[in-house]
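Subject: Structure for you to look at

Dear colleague,

Here is the structure I promised to pass on, together with its sequence.

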Amino acid sequence: MPLWLKVTTAVVSVALLGGLAFAGYWYFRLQSNISTAALGAGNGRTDNIDDATGRMQILILGSDTRDGKNATYGNADDSTGYGNSDVMMLMDISEDNKRVNVISFPRDLLVNIPKCTDQKTGKEYPARTGVMINEAMNEAGIGCAVDTVNKLTGLEVDHFMMADFNAVKELSNTVGGVEVCISDAVYDPDSRLRLPKGTSQVKGEQALAFLRTRHAFADGGDLGRIKAQQGFLSSLTRKIKDDGTLSDPAKMLNIADVVTQNLTVDEGLASVPSMITIGNRLKTIDVGKVAFVAVPTTPAASDPNRLDPAQPAASQLFAALKKDIDLTDPEGKATPSPSATPSASAKPSATPKPTKPAAPYDKSLQPVTVANGTGVPTRTQEIAEAVIAGGFTQVVPLEADPAAKTFVYYGAEFADVAADVAALLGIPAGQIAPSPGISGVQVYLGADFTSGTKFGKTTVPKDIVNQTAGDTVCQQANPELIVEQ
């Protein structure tokens with residue numbers, strides 16, 4: 001063998017061995033960083049998904065635990081048990097990898113927490129009603145928070161990621177700071193956030209303070225805090241995309257090392273290949289299709305300092321998520337369908353036979369009932385309001401036994417009214433039927449009409465998207481915390 005070939009072979013061999021050793025080191029290091037917990041709390045799953053394909057929902061939690069490196073943010077009494085979720089967001093990746101929705105749940109939101117079993121101890125905790133959502137994981141662990149979100153939204157969370165305070169500091173330092181904007185100079189003594197008016201780069205303690213502050217933005221409530229968090233994540237997303245981080249192995253290794261040291265995930269996500277797979281799915285998504293949303297809320301009837309889901313907007317949002325609707329373009333206006341061009345060989349349709357017009361009637365005098373068999377309580381009022389808006393003002397809402405299919409029933413001499421009510425709601429003619437026991441018209445809502453006011457269509461709440469990752473938003477400072485520069 002020639003000398004040059006021997007030298008070349010030796011160099012290539014050393015390089016390959018060195019590369020394998022380097023890869024092995026990082027694989028072992030990252031894998032050993034990962035902490036795990038159970039995905040659920042005994043309420044079960046129906047399937048297992050392939051992380052590389054298909055729709056995926058990942059619940060992202062920020063823990064308020066004061067253990068270890070987080071001890072400087074309070075004492076052990078501040079977070080008992082497993083701690084509360086300081087942040088709760090659901091990241092929803094579309095099946096075609098073209099869109100991501102990030103839905104924020106206010107920590108003051110009152111929800112029903114299902115019966116949960118601590119998967120470590122086996123202890124069972126009873127179901128609770130009207131409890132703040134950030135308490136869901138306190139007793140039975142992260143899996144109970146996952147089960148609570150599943151119960152609230154009707155979705156099925158595939159994975160979770162929970163980070164602590166230290167993760168935010170280290171990540172913001174690793175990327176060299178995150179750009180944020182605020183309308184006026186503020187100082188919040190509780191979180192120790194101090195920022196000048198305009199744009200700033202925050203990292204470390206100031207990045208954490210920006211995300212944690214409860215008083216610095218808007219009216220000092222949780223909704224202003226959510227918008228600030230969404231603005232921070234939008235800026236972080238743009239920076240990572242603009243820097244080419246997702247395509248740079250060295251940068252990704254540094255971020256992965258920092259994040260995994262402060263991260264707890266479910267067993268299905270507890271491997272480096274799984275995390276790489278999800279990273280690869282995210283790297284090609286346009287920032288304009290990363291939508292940040294908050295669950296619609298209203299002050300709680302039981303306590304004005306707490307929040308209830310606002311209806312029907314909250315149910316409409318969850319229904320839109322289940323149908324994987326593009327929240328940034330729910331009407332599909334950005335991608336108009338091609339205009340229909342009749343074929344030259346198409347036969348002309350037959351001329352319809354003239355029909356005798358129905359006698360006119362006064363809509364405001366026609367009795368219409370809306371019977372709700374969908375299992376979704378808010379649907380009764382939602383559809384009743386839609387019928388009233390169509391001019392049928394004599395509407396009586398009522399609850400009904402569950403039904404699989406929607407029908408419009410009518411009594412004697414009300415066939416024309418039933419046809420008009422069905423047309424108003426988009427219900428097909430094949431789902432209109434006479435019924436001797438009906439006086440007037442009855443819309444019987446079934447499980448095939450659980451959202452929207454047009455049959456087969458989902459209503460997306462107006463202005464549900466707070467911002468996309470492509471938007472640069474300046475947060476409004478809380479007037480009570482504005483300071484002189």
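This is a predicted model: local features need pLDDT of at least 70, side-chain atom pairs count only at pLDDT 80 or more; totals for chains, interfaces and linings use all residues.

I would begin with strand β22, which covers residues 441-445 and has five of its five residues buried, so that the strand is largely enclosed by the rest of the structure. In a regular strand the side chains alternate between the two faces of the sheet. In β22 both faces are covered, with Val 441, Val 443 and Leu 445 buried on one side and Gln 442 and Tyr 444 buried on the other. As for its partners, β22 pairs in the parallel sense with strand β18 (residues 368-372), over five bridges, and in the antiparallel sense with strand β20 (residues 407-410), over four bridges.

Turning to the cysteines, a search of the whole structure finds two disulfides. One of them is formed by Cys 116 and Cys 144, whose sulfur atoms are 2.1 Å apart, and with 80° about the S-S bond this link is right-handed. It connects distant parts of the chain, given that Cys 116 belongs to strand β6 (residues 116-117) and Cys 144 to helix α2 (residues 142-153), 28 residues apart. Cys 116 counts as buried at 1% relative accessibility, and Cys 144 is buried too, with a relative accessible area of 3%.

The other disulfide joins Cys 181 to Cys 474, with 2.0 Å from S to S, and this link is left-handed, with -70° about the S-S bond. Because Cys 181 lies in strand β10 (residues 178-182) and Cys 474 in the segment after β23 (465-468), the pair ties together parts that are 293 residues apart in sequence. If the bonded cysteines of the protein chain are numbered in sequence order, the pairing reads 1-2, 3-4.

Next come the helices. Two packed helices are described by the angle between their axes and the distance between the axes. Helix α4 (residues 205-212) and helix α5 (residues 222-242) pack at an angle of about 140°, with their axes 8 Å apart, and α4 and α5 are therefore oblique to each other. On the α4 side the contact is made by Ala 207, Phe 210, Leu 211 and Arg 212, and on the α5 side by Arg 225, Ala 228, Gln 229 and Phe 232. The residues of this contact divide into five nonpolar, one polar and two charged.

Finally, there is a glycine to look up, Gly 456, which lies in the loop between β22 and β23. Gly 456 is exposed, with a relative accessible area of 58%, and its C-alpha is 9.8 Å from that of Pro 428, a residue 28 positions away in sequence.

With best regards

Note on methods
Residues are numbered from 1 along each chain as its sequence is written. Side-chain values use heavy atoms; hydrogens and water are left out. Buried means under 20% relative accessible area, exposed over 50%, partly exposed in between (1.4 Å probe, protein chains only). Helices (H or I, at least four residues) and strands (E, at least two) are DSSP runs, numbered from the N terminus. Two strands pair if DSSP finds at least two bridges between them. A disulfide is a pair of cysteine sulfur atoms within 2.5 Å. Axes are lines fitted to C-alpha atoms, for helices over the stretch in contact, and angles run from 0 to 180 degrees between N-to-C directions. Angles under 35 degrees count as roughly parallel, over 145 as roughly antiparallel, 65 to 115 as roughly perpendicular and the rest as oblique. Contact means heavy atoms within 4.5 Å. Ala, Val, Leu, Ile, Met, Phe, Trp, Tyr, Cys and Pro count as nonpolar, Asp, Glu, Lys and Arg as charged, and the others, Gly among them, as polar.
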